[in-house]
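Subject: Structure handover

Hi,

Here is the structure I promised to pass on. Please open it alongside this email; my notes follow.

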Amino acid sequence: MSDRYTVISADCHAGATVAAYRDYLEEEWLEEFDAWRGRYANPFSDLKGDGRSRNWDTARRNADQETDGVVAEVVFPNTVPPFFPTGQLIAPPPNPNNYQRRLAGIRAHNRWVADFCAEQPTRRAGIGQIFLNDIEEAVRDVRWIAANGLRGGILLPGVPDDAKHIEPLYSREYDRLWAVCEELGVVVNHHAGGGSPDYGKHDIGWILFALETPYYSRRALTHMVMSGVFQRFPGLRMVLTETSAAWSVQAVTTMNDFHRQMCLGRIGEISVPGTVVLAEEPGEYVHRNVWFGASFPSRSEIEARHEIGVDRILWGSDYPHHESTFPYTTEGLQLAFHGVPTEEVTAMLSGNAASVYGFDVAALTPLAQKYGPRVELVAQPLAAIPEGVTSPAFFRK
């Protein structure tokens, strides 16, 4: 047994500068890109000033991660790619008028992140992006992502209720997409921030977005489980990230309760056709096909680990965002994991992520022995919350 943990963050973010993205665009879009760039102003504080280079500077990023005890990472998008109205994770889906431009933008990001992860292939599992407006184009992008080493898989967009031009996630139209992901072993990731409706131009709009985004982000689970996606595609793997994890216990209980009623042919006054009744309880599909990227988990979430499933939980730091545990990750781990058996902590900090995303733990061990947090330290309760922390990990119960 090692005296240090191997820590894989299943929730990190990276992206290129606007100028760098230009080099990854197809030539036909360059003139339009130059015009767009001249009009666009970046709204995000963590993408301004000195801190923004953490998104693309490998030397700085590695130094930060090593100081923080993290030796590998799953790389979600960040920054603003060409033709996007805002950050990648919270931007609404494209409409028919801007779809081709936005598609060119995410393909530029995918090319960039493939190169970025190729710089550190042992330490980085990059996630590529797709849009759902055109399923055949999405399938084409999945094949490109798989062929170009982005073993983090794809980022599945949310579908807001007001995006009537895009099929909901429970539509059978997506079976072509699930089939190719299953065939190629591509992980389907769903990150918090997607799927929310347009709140309009109101002062309270962004607050309501932040308050309600957990609901819109989490419902991808019920849409995909209850519509039989994992029954039809038993080899498909899905990770819901930065949505926490403990909520899944009640979600599974509720789906199982509904399933028992559905087996009887009715839910109250609603008649249930036999074609929509799953062969097994919904919880069985969750426990086989779904993992939870419990970024900066609270102590109460870790205490519920056996109900969630120790083998279903992936820890993440959310680096380099404001709510990240960086640079106090060891303290965050103490707060969440103290007193938890070492083998369970190992599973949640690295084993589960290695299994889902294909990290070579043996290859990471030399780095972990040098930089990883000490097992004996993580086992101890945190004596005091460090000054200057900004992560919810230190404030949630």
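Predicted model: local features only at pLDDT ≥ 70, side-chain atom pairs only at ≥ 80, totals over all residues.

Pro327 sits in the loop between E10 and H13. The peptide bond leading from Phe326 into Pro327 is cis, with omega near 0 degrees. The loop between strand E10 (313-316) and helix H13 (329-337) also holds Pro320. Here too the bond is cis: Tyr319 and Pro320 are joined with omega at about 5 degrees.

One more backbone point. Thr79 is not a glycine, yet its phi is positive, at about 60 degrees. Look for Thr79 in the loop between E2 and H4.

Next, the helix pairs.

H4 and H5:
- Helix H4 covers residues 99-118 and helix H5 covers residues 135-147; their axes come within 11 Å and cross at roughly 10 degrees. Angles under 35 degrees count as roughly parallel, so H4 is roughly parallel to H5.
- From H4, the contact takes in Tyr99, Leu103, Arg107, Asn110, Arg111 and Ala114. Facing them in H5 are Glu137, Asp141, Trp144 and Ile145.
- By class, the H4 contact with H5 has five nonpolar, one polar and four charged residues.

H7 and H9:
- Helix H7 (residues 205-226) packs against helix H9 (residues 247-263) at an angle of about 30 degrees, and the axes are 11 Å apart. That angle makes H7 roughly parallel to H9.
- The crossing of H7 and H9 is right-handed.
- H7 brings Arg218, Leu221, Thr222, Val225 and Met226 to the contact. H9 brings Trp247, Ala251, Met255 and Met262.

The largest cavity holds about 50 Å³ of space. Its lining consists of Asn62, Gln65, Val70, Val71, Ala72, Glu73, Arg123 and Arg124. Helix H3 (58-67) and strand E2 (72-77) are the elements that give two or more residues to this lining. By class, the lining of the largest cavity has three nonpolar, two polar and three charged residues.

Then go to the lining of the largest cavity, with Arg123 and Arg124 among its residues.

Best wishes

Terms used. Residues numbered from 1 in each chain as written. Heavy atoms only, no water. Axes fitted to C-alpha atoms, helices over the stretch in contact; angles between N-to-C directions. Helix = DSSP H or I, 4+ residues; strand = E, 2+ residues; numbered from the N terminus. Parallel < 35°, antiparallel > 145°, perpendicular 65-115°, else oblique. Contact = heavy atoms within 4.5 Å. Nonpolar A, V, L, I, M, F, W, Y, C, P; charged D, E, K, R; others polar. 1 Å grid on protein atoms, 1.4 Å probe; cavity = no way out; pocket = protein on both sides within 12 Å on 5 of 7 lines; lining within 4 Å. Points joined across faces, edges and corners; volume = space filled by probe spheres on them. Left-handed = near helix turned anticlockwise from the far one by under 90°.
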